[in-house]
Amino acid sequence: MDVSRRKFLKISGASLGLVAASSTIGGFVKKSNAFFENKSEDSKGVKKIPTYCDICFWKCGAIAYVRDGKLWKIEGNPDDPLSKGRLCPRGTGGIGAHYDKDRLKSPLIRKNNRGEEEWVAVTWDEALAYIADKMQKIKTSYGPESMAFFSHGIGGNFLKHMIKAYGSANIAAPSFAQCRGPRDVGFRMTFGEDIGSPERTDIENAKCLVLIGSHLGENMHNTQVQEFAKMNGDGGVIIVADPRYSVAASKAKHYLPVKPGTDIALVNAWMNVIVNENLYDKEYVEKYGFGFEQFKAEIQKYTPEWAYTETGVSPELIRDSAREMAKYKPATLIHPGRHTTWYGDDAQRSRAIALLNALMGSWGRKGGFFYPVSMDVPAYPYPEYPHSDKPKVDNPDKKYPFAHETLTTGIREATITGKPYPVKGWLVYGTNLMQALPNRDETIKAIQNLDLMVVVDVIPSEIAGWADVVLPEPVYLERYDDMNVEFFKEPFVAIRQPVVEPPNEQKPNWWIAKKLAEKLGLGNYFPWNDIEDYYKTRLTAAGLSFDELKKKGIIKGKKQPIYFDEGVPDKFQTPSGKIEFYSLQLQEKGFDPVPKYNKQKEPPAGTFRLLFGRAPVHTFSKTQNNPILNDMMSENEIWVNTDVAKRYGLKSGDYVKLKNQDGVVSNKIKVKATERIRTDCVYMVHGFGHNAKKQTLAYGKGASDAGLITKYAVDPLMGGNGMSVNFVSLESIE
Ligand SMILES: Nc1nc2c(c(=O)[nH]1)N[C@H]1C(S)=C(S)[C@@H](COP(=O)(O)OP(=O)(O)OC[C@H]3O[C@@H](n4cnc5c(=O)[nH]c(N)nc54)[C@H](O)[C@@H]3O)O[C@H]1N2
Ligand SMILES: Nc1nc2c(c(=O)[nH]1)N[C@H]1C(S)=C(S)[C@@H](COP(=O)(O)OP(=O)(O)OC[C@H]3O[C@@H](n4cnc5c(=O)[nH]c(N)nc54)[C@H](O)[C@@H]3O)O[C@H]1N2
Ligand code: SF4
Ligand SMILES: [Mo]
């Protein structure tokens, strides 16, 4: 094991899991240390095929190995700037997706009521004809806008194109209103640009990294964790604010066990110290800042002594950590977070975080936020999409003025109310809305209003259980997907291509989109013969070679400047053209121009705030039935403070049920009694507690946070769904 891998594993807290993976997966990996050995790669019968990973949306470049015609193992592609030759534990276990025994094998049409998970197998032609017929009827009766598309990830691209060609712009992903939306809005209002994905955070060059939540190391986005391991190994200072002592917290010089929901108080107090002690980057703020004096006046009330009463963090610790940050500016990176939909005031919290970064002068600077670059690969020359007179359905009258992407829950609401106009069809690709959206009852209510519900998935997920038609897709190792023209530190393009054949009747998204378009009379929108033809057209237009891309998996472009110092123009796309310490556009819409702290409701006696997050070996709700990843972690636990556990007579390993404020009771879940969490909250890993009966490994294991999230606080700026506003009590399992 090389040193950097060791560092990576140390941070990831997943080294045990990785070793376990290589020894316990029987049939797939014959040698116990096969994951780390390359010895037989050139021997007879072994083929190496580059592709990119899809176990999460980071899109790491990978090399898959096929031995004796069977998928053997997968590793990082050393040429790839995202993986740098190493996959995270989930990516390594990705081959389990191919071997999952419960996979969807053929198209299915519903037999009984929606949600009963009973279907009959049909041919592709029957399934697509059924869908096309219903879609035509929806178009005639209501207009094409009444068909909505939900997807997550690059695999949705061709179906998205098909839906646009059909005439609907009601297209949404849970990555906005349930994930990074508030962050992108907060940063956009401040610097004029989104953070994006992969994040534009220059962690490896940061001298000081501040994590607010953002549990890197459990949140396993590969490049970020590798860079985190590197900066930590190089002696970089880490500051963590989290109600839970996370893996990242264990690496921190300053750990602040902040009370959940009080981060705006903390960040404002940090800024108060930094401004009043003149510790900010004056030259940068003078050159680029707008409204600094008003901002300064606004934050005067947020003294560390005041913040102590809200956050529970001592004034000394607030001052010390603020001074520490200032020491390393501009290479002090206050991580913007990713899953930022917490309390409904999230865009403002993200704005406060953006402002703290502005004080450090980290935007556009090495060790802060870089300017992503990409290759110039022209889009496929398609005909223009039909024009619609109807606005999108999700955000009527711009109720959420700063939502710049479509709101999943906005479409859901319109489907329930029929306003501003009815939504009658849902096409769902690669997103498990039952686990991803808050308040399942609302999702079910919406689905019951539909004339057509189609789900494209690889396994019988919860959302597939509600479909009229289920379409089975090959897993990522068995198909092509759209080209990844990435925006990152250096320009590159990457290909996802088949490594092995799909085992049954599964058909890839591009094929489904093209065939369905043809049945809808929209064949002219798919002028290419197949996806290779599509790739070749685009690559030729860019002067690149398809054969080279297939062979290498990645083609890189010339390095380009990514910092102001290197020649990136220091322009900000805000209304003032500057970094907005004071936001007139917020003021104009009736919002606070400088983020203000408002108190959250406290958990009533006998209850705890339900917090949730990631485990290194699972992705959301999509990997619990993967035999390799299931083997590493088959159920989640509920973290309960040791003293609380004692009071309840509970110890680690006991099982409890959780009951929320609306009387919803979870599956049983194992207790983890630990000092690593505050007494006012409990914590669990998201994605478990599956109730889809046909997932034989995952069914009934652990509890679902999504099931308990009946309440959500909607962000008035942008419609995000704050989900950390639910309270649970611990109930005995009898
Ligand atoms: N292994 C793995 N990695 C992943 C994913 C995955 O599914 N699996 N998903 C990826 C995706 S899409 C996302 S969005 C990210 C999500 O990962 P993050 O963006 O890191 O998510 P957070 O919600 O910030 O992280 C949860 C942490 O926040 C803490 N926390 C909860 N409430 C509060 C609070 O009020 N204040 C503070 N300061 N901390 C709080 C929790 O204790 C926990 O440690 O992970 C990415 N990486
Ligand atoms: N309660 C709660 N809700 C959350 C979160 C949370 O932590 N807790 N996190 C939020 C965040 S940050 C995010 S980004 C979202 C994520 O939300 P989603 O992206 O919806 O994530 P999953 O729940 O994993 O659902 C993915 C679905 O895609 C299917 N799938 C997997 N591979 C393929 C494939 O190759 N092709 C097709 N067609 N389908 C495939 C899986 O079987 C699964 O049904 O959830 C958000 N919602
Ligand atoms: S971070 Fe892990 S799961 Fe996500 S794409 Fe990279 S290797 Fe795959
Ligand atoms: Mo996310």
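Analyst: Two strands pair if DSSP finds at least two bridges between them. A strand is a DSSP run of E with at least two residues, a helix a run of H or I with at least four, both numbered from the N terminus.

User: What makes β14 and β15 a pair, and in which sense do they run?

Analyst: β14 and β15 (residues 469-472) are joined by 4 bridges in the parallel sense. The model is predicted: local features need pLDDT of at least 70 and side-chain atom pairs 80 or more, while totals for chains, interfaces and linings use all residues. Residues are numbered from 1 along each chain, chains are lettered from A and ligands numbered from 1 as written, and side-chain values use heavy atoms, without hydrogens or water.

User: Which residues surround ligand 3, and how do they divide by class?

Analyst: The shell around ligand 3 includes Cys 53, Cys 56, Cys 60 and Cys 88, together with Trp 58, Lys 59, Arg 90, Met 220 and Asn 222, among others. Each counts as near because a heavy atom lies within 4 Å of the molecule. The shell divides into 8 nonpolar, 2 polar and 2 charged residues. Asp, Glu, Lys and Arg are charged; Ala, Val, Leu, Ile, Met, Phe, Trp, Tyr, Cys and Pro are nonpolar; the others, Gly among them, are polar.

User: Why is one space called a pocket and another a cavity?

Analyst: On a 1 Å grid over the protein atoms alone, a cavity is a set of points where a 1.4 Å probe fits but cannot get out, whereas a pocket is an open set with protein on both sides within 12 Å along at least five of seven lines; lining residues have an atom within 4 Å of a point. The largest pocket holds about 1,200 Å³. Among its 35 lining residues, Lys 59, Asn 157, Lys 160, Arg 180 and Ser 197 are the closest to its centre. Two or more lining residues come from each of α6 (157-166), β7 (171-172), α7 (174-191) and β16 (484-486), and α7 gives the most, with 4. The pocket lining comprises 14 nonpolar, 9 polar and 12 charged residues.

User: How many cavities are found, and what lines the largest?

Analyst: The whole structure has 5 cavities of 30 Å³ or more. The largest has a volume of about 850 Å³, and 45 residues line it, with Phe 57, Gly 430, Thr 431, Phe 620 and Lys 622 nearest its centre. α7 provides the largest share of that lining, 4 residues. By class, the lining has 18 nonpolar, 17 polar and 10 charged residues.

User: What lines the second largest cavity?

Analyst: This cavity, of about 670 Å³, is lined by 44 residues, and nearest its centre lie Ser 214, His 215, His 339, Trp 342 and Phe 612. α7, α14 (346-360) and β20 (608-613) each give two or more residues to its lining. β20 gives the most, with 3.

Definitions and conventions. Points joined across faces, edges and corners; volume = space filled by probe spheres on them.
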